[in-house]
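Please look over the sequence and the structure below.

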Amino acid sequence: MITRLGAAILFLVSLSAPAAEVAGVKIDDKTRVANTDLALNGAGLRKRAFFQVYAIGLYLPQKSSSAAAVLEQPGPKRVAIHMLRDVGADAFTEALAEGIRANHSEADARALEPRIKELAAIMAEVKEAKKGMAIALEWQPPTGTVMLVNGAARGKPIAGEDFYRALLRVWIGDKPVQDDLKKALLGG
């Protein structure tokens, strides 16, 4: 009897346990976006030189180890960023813009520029990505890309699934911001 009770308790504890821990940040194994349950596809650590910048998790309706499949997967998605150090708004959005430019032709990057500026304006209102802050970038069809800071939506949604895919390419594109991070987000 005690063995069954112990097993039941362990099972219940495992249901509420985080799926991953990255640099001391507990990353949940699931989330919900636009009334859709999403599973943690992978999680990793963004480093710059020897600094830990943020822990990040990628949530999808269906897990996948293929970047191409992730980019084409329909439905809501979430990139959850947990800041591990303070980063100014300009530096944060410029890093995303550099990642977008690195993974697109010059013409495609230019076409995305107005929406990059929309994201930069939202981030400028936030002023700084502070240590401990949780920033989520969600694709909420058909609404658009929504930025949440500590769970609260900021700014207005940014139109176009192509823009969200461009953001994803920063981390899982052909020229990701960090190779081992790409592998981690794809469940490797």
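Predicted model: local features only at pLDDT ≥ 70, side-chain atom pairs only at ≥ 80, totals over all residues.

Ala23 sits in the loop between strand S1 (20–22) and strand S2 (25–27). Its phi is positive, at about 50 degrees, although Ala23 is not a glycine.

Ala49 also has a positive phi, of about 55 degrees, and is not a glycine either. Look for Ala49 in the loop that runs between strand S4 (36–48) and S5. Is Ala49 buried or exposed? Ala49 counts as exposed, because its relative accessibility is 72% and the cut-off for exposed is over 50%.

Ser65 belongs to the loop between strand S5 (51–60) and helix H2 (67–72). Ser65 is exposed, with 60% relative accessible area. Now find Lys182. In sequence, Ser65 and Lys182 are 117 residues apart. In space, their C-alpha atoms are 10.0 Å apart.

Next comes a cis peptide bond. The bond runs from Pro141 to Pro142, and its omega is near -5 degrees. Pro142 is placed in the loop between strand S9 (134–140) and strand S10 (144–149).

## Helix H3 against helix H4

Helix H3 covers residues 89–102, and helix H4 covers residues 106–126. The two helices pack with their axes 10 Å apart, at an angle of about 160 degrees. H3 is therefore roughly antiparallel to H4, since angles over 145 degrees count that way. The crossing of H3 past H4 is right-handed.

Which residues of H3 and H4 make the contact? From H3 come Ala89, Phe92, Thr93, Leu96, Ala97, Ile100 and Arg101. From H4 come Ala109, Leu112, Glu113, Ile116, Leu119, Ala120, Met123 and Ala124. By class, the contact of H3 with H4 has 12 nonpolar residues, 1 polar residue and 2 charged residues. An α-helix has 3.6 residues a turn, so residues three or four places apart point the same way.

## Helix H5

Helix H5 spans residues 161–172, which is 12 residues. From its first C-alpha to its last, H5 reaches 16 Å. That is close to the 16 Å expected at 1.5 Å a residue.

How many of the 12 residues of H5 are buried? The count is 9, so H5 is mostly covered, with buried meaning under 20% relative accessible area. The buried residues are Phe163, Tyr164, Arg165, Ala166, Leu167, Leu168, Val170, Trp171 and Ile172.

## Helix H4 against helix H5

H4 meets H5 as well as H3. The axes of H4 and H5 come within 11 Å and cross at roughly 75 degrees. H4 and H5 are therefore roughly perpendicular to each other, because angles of 65 to 115 degrees count that way.

On the H4 side, the residues are Leu112, Arg115, Ile116 and Leu119. On the H5 side, they are Asp162, Phe163, Ala166 and Leu167. By class, the contact of H4 with H5 has 6 nonpolar, no polar and 2 charged residues. Leu112, Ile116 and Leu119 of H4 are also among the residues that contact H3.

## The whole chain

The protein chain has 6 helices and 11 strands. Of its 188 residues, 44% count as buried. Take the contacts in the chain with a separation of 6 or more: residues 24 or more positions apart account for 57% of them.

Technical notes: Residues numbered from 1 in each chain as written. Heavy atoms only, no water. Axes fitted to C-alpha atoms, helices over the stretch in contact; angles between N-to-C directions. Helix = DSSP H or I, 4+ residues; strand = E, 2+ residues; numbered from the N terminus. Parallel < 35°, antiparallel > 145°, perpendicular 65-115°, else oblique. Left-handed = near helix turned anticlockwise from the far one by under 90°. Contact = heavy atoms within 4.5 Å. Nonpolar A, V, L, I, M, F, W, Y, C, P; charged D, E, K, R; others polar. Expected span 1.5 Å × (residues − 1). Buried < 20%, exposed > 50% of the residue type's maximum accessible area, 1.4 Å probe, protein only.
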